[in-house]
Amino acid sequence: MELDAELSALAAQEDLPADLVWRLLQHPGARRSVALLRRDLTDELIAEIIELGSVRTLAANSSVPSRIRARFAEHPEPAVRCAVAASVRDEPPGLLARLAADPDPSVRSFLAMNEHLPTELLELLAADSEASVRSSVIQRWRDAPDDVRRMLLTDADPGIRSGSVRAFVPPADLQPGLLADPATRAAAVAHAVPTPELAADPDSDVREAVAAHPDLPPGLRDLLAGDQDIFVRNAIAARADTPQAMREQVVATLAPDSPVAEWMLSFSRGTHMCLPAAPALPNLSRQQAESLLAQAGL
């Protein structure tokens with residue numbers, strides 16, 4: 001492991017003596033780890049981290065006392081207010097409401113993801129003038145009440161409507177309109193009955209959604225196995241109910257013309273591999289930590 005990474009890992013070590021933590025503040029990467037991850041920060045350490053310019057990272061540390069994080073909500077840099085908005089509690093009372101009225105939409109977007117946000121503020125943000133804020137609400141509030149869902153499903157912004165269909169089960173009376181809307185048609189297929197008309201839709205995204213539908217009839221499955229679009233055929237190959245002989249025939253036609261297409265196809269085939277998580281590093285003794293700090297000139 002490189003020295004910088006070792007110092008950053010050391011900075012997060014729970015039993016690290018306070019004097020060594022202070023020395024690590026002189027290394028930018030280690031200081032960020034101290035600011036973000038340590039749960040034992042004293043007022044003196046916090047003041048030094050702010051003085052050294054890592055206030056944005058510090059604002060994201062939910063272990064920092066609420067009386068200090070509340071000050072960050074007034075910071076002139078939106079990025080700092082974003083960091084605190086994502087996880088701060090309503091201490092002092094009214095802090096969350098103040099952040100919900102922040103003039104920067106990025107702050108309100110981060111606030112929408114805050115698990116401590118009460119329902120009345122989520123409802124307020126669901127009607128925010130900025131689409132990015134409403135989008136964050138959709139991601140965060142999957143159990144939104146019916147009136148909020150309807151509002152978002154019929155939003156003026158096509159991206160919000162599309163995201164809402166993917167997040168919520170649409171009420172039956174809205175489904176015909178969502179299927180007729182080009183912006184939501186593909187996403188709405190998951191909540192509809194697969195039909196020959198949908199399987200022949202000129203939009204390949206719609207046909208791909210039909211191909212992945214859990215209630216796809218065998219006749220439409222067999223029809224879509226020969227679709228001109230590689231992603232539609234790939235969805236058929238990925239189905240558990242596709243006969244093995246048909247799957248082999250379809251897979252033989254899946255020759256993507258770029259690494260990006262291959263990577264995208266791999267997800268629905270279940271072959272995408274992520275690197276395994278790195279094993280946890282053992283804690284260093286004081287002697288080992290001193291030696292590491294000496295190597296870095298700290």
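1. The side chains of Arg 98 and Glu 74 form a salt bridge, with 2.4 Å from N to O; the term stands for a side-chain nitrogen of Lys or Arg within 4 Å of a carboxyl oxygen of Asp or Glu. This pair links distant parts of the chain, Arg 98 being in helix 8 (residues 95-100) and Glu 74 in the loop between helix 6 (66-72) and helix 7 (78-85), 24 residues apart. Helices here (H or I, at least four residues) are DSSP runs numbered from the N terminus, as are strands (E, at least two). Arg 98 counts as partly exposed because its relative accessibility is 38%, where buried means under 20% relative accessible area, exposed means over 50%, and partly exposed lies in between (1.4 Å probe, protein chains only).

2. On provenance, this is a predicted model, in which local features need pLDDT of at least 70 and side-chain atom pairs count only at pLDDT 80 or more, while totals for chains, interfaces and linings use all residues. Residues are numbered from 1 along each chain as its sequence is written, and side-chain values use heavy atoms, with hydrogens and water left out.

3. Asp 201 lies in the loop between helix 16 (196-199) and helix 17 (204-211) and Arg 185 in helix 15 (residues 185-188), so the pair ties together parts that are 16 residues apart in sequence. Asp 201 is buried, at a relative accessible area of 8%, whereas Arg 185 is partly exposed at 23%. Leaving out residues up to four places away in sequence, Asp 201 touches Arg 185, Val 206 and Arg 207, contact meaning heavy atoms within 4.5 Å.

4. Arg 239 and Asp 241 also form a salt bridge, their closest N and O atoms being 2.8 Å apart. Arg 239 is buried with a relative accessible area of 9%, while Asp 241 is partly exposed with 37%. Ala 240 lies in the loop between helix 19 (230-237) and helix 20 (244-251), and at 81% relative accessibility Ala 240 counts as exposed. The C-alpha atoms of Ala 240 and Ala 86, which are 154 residues apart along the chain, are separated by 40 Å.

5. How do helix 1 and helix 22 cross? The axes of helix 1 (residues 3-11) and helix 22 (residues 286-295) come within 10 Å and cross at roughly 135°, the axes being lines fitted to C-alpha atoms, for helices over the stretch in contact, with angles running from 0 to 180 degrees between N-to-C directions. That makes helix 1 oblique to helix 22, since angles under 35 degrees count as roughly parallel, over 145 as roughly antiparallel, 65 to 115 as roughly perpendicular and the rest as oblique. Leu 3, Glu 6, Leu 7 and Leu 10 of helix 1 meet Ala 289, Leu 292, Leu 293 and Gln 295 of helix 22. Separately, Asp 19, Arg 23, Arg 286 and Glu 290 are linked in a network of salt bridges.

6. Ala 131, Arg 134, Ser 135 and Ile 138 of helix 11 make the contact with Ile 160, Gly 163, Ser 164 and Ala 167 of helix 13.

7. In helix 3 (residues 28-37), Gly 29, Ala 30, Arg 31, Ser 33, Val 34 and Ala 35 are buried, and the buried residues pack against helix 1, helix 2 (18-24), helix 4 (43-51) and helix 5 (55-59).

8. Finally, please check the backbone at Pro 92, where the peptide bond from Glu 91 is cis, with omega near 0°. Pro 92 lies in the loop between helix 7 and helix 8.
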